[in-house]
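Here is a short briefing on one protein chain. Please look over the sequence and the structure before reading the points below.

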Amino acid sequence: MTRYCPPYTPMVEVVPEGTAGDVAVEYFELTREQVSFEQMMGVFRRSHAEVYDLVAGRYARLQTAGGTVWMSDTPMERRTCQPLLDRAHGHVLISGLGLGMVLLPLLRNEYVEHVTVVERSADVCALVEPHVRRVIGRRAENGLHVVVGDIHTWSPPHRFKYDVIWHDIWSDLCADNYTEMKVLHRQFKYQLNRDNPRCWMESW
């Protein structure tokens, strides 16, 4: 049984398995033996921080037809997205929809007024967005806006400011992403609501 710390919901309970274009949502099971092996290999690969809290259970992942995994809802993914949930308030901008894992707790947060998501893949939106909206319910009608577009070229509404901005468009955590992160932070620094002392922008 997968242990889920609040406020996350297992995505196998939200998004069904399916394929759209060259993108798929699949479920996978990790046994205790597999978890032990991954944690042992993590020590040798110097990636123990990614798997130390991994537990046996059933998970969901978003991947391409070629097998590249873009996202899963394993403990590492939840843990590394927690800074967003800790700081979320007001108007939130997110680049990258993924499995929609963070949207449920965000839109259940009374301090979050509205969430805008920019996702470049229409196939990802087709696989994920309807099911996230179904689970969130009426709160999603006016509280969630998903845009199909590339965050690098997308333009927000004129003079609109966001209280929190979160960039999450990478399939793994590595130093190679740092250059692109800096570009996005420069691009959106003027969309951050500097009148709000709690405004915050970060990347996964």
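The points below go from the whole chain to the sheet, the cores and the aromatic pairs.

The model is predicted. The chain contains seven helices and nine strands. Its radius of gyration is 17 Å, close to the 17 Å that the globule rule gives for 204 residues, so the chain is as compact as a globular protein of that length.

**Overall dimensions and contacts**

- Along the principal axes, the C-alpha atoms fill a box of roughly 55 × 35 × 35 Å.
- Of the 204 residues in the chain, 51% are buried.
- Among contacts between residues at least 6 apart in sequence, 67% join residues at least 24 apart.

**The open sheet**

- In general, strands of a sheet pair through backbone hydrogen bonds, in either a parallel or an antiparallel way.
- Here, four strands make an open sheet with antiparallel pairing, in the order β1-β2-β3-β4.
- The edges are β1 (18–20) and β4 (69–72); each has a single partner strand, so one side of each is left without a neighbour in the sheet.
- From one strand to the next, the twist averages 30°.
- Strand β3 (residues 57–64) runs antiparallel to β4 and is joined to it by three bridges.
- Residue Q63 stands opposite V69 in β4.
- Helix α5 (residues 122–136) lies across β1, β2 (23–30) and β3, and runs at about 55° to β2.

**The nonpolar cores**

- The largest nonpolar core has 56 residues, and the members that touch the most others are L84, I94, L103, L106 and V115.
- Helix α5 supplies the largest share of this core, six residues.
- Leaving aside residues up to four places away in sequence, I94 touches L84, V102, L103, L106, V115, T116, V117, V118 and W166.

**The aromatic pairs**

- Three aromatic pairs are present in the structure.
- In the pair of F160 and Y162, the ring centres are 5.0 Å apart and the planes lie at 65°, so the pair is edge-to-face.
- Is each of these two residues buried or partly exposed? F160 is partly exposed, with a relative accessible area of 31%, whereas Y162 is buried, with a relative accessible area of 2%.

Conventions
Residues are numbered from 1 along each chain as its sequence is written. This is a predicted model: local features need pLDDT of at least 70, side-chain atom pairs count only at pLDDT 80 or more; totals for chains, interfaces and linings use all residues. Side-chain values use heavy atoms; hydrogens and water are left out. Two strands pair if DSSP finds at least two bridges between them. Helices (H or I, at least four residues) and strands (E, at least two) are DSSP runs, numbered from the N terminus. Axes are lines fitted to C-alpha atoms, for helices over the stretch in contact, and angles run from 0 to 180 degrees between N-to-C directions. Contact means heavy atoms within 4.5 Å. A nonpolar core is a set of buried Ala, Val, Leu, Ile, Met, Phe, Trp, Tyr and Cys residues joined through side-chain atoms within 4.5 Å. Buried means under 20% relative accessible area, exposed over 50%, partly exposed in between (1.4 Å probe, protein chains only). Rings of Phe, Tyr and Trp (its six-membered ring) pair if their centres lie within 6.5 Å; planes under 30 degrees apart count as stacked, over 60 as edge-to-face and the rest as tilted. The radius of gyration is taken over C-alpha atoms; the globule rule is 2.2 Å times the number of residues to the power 0.38.
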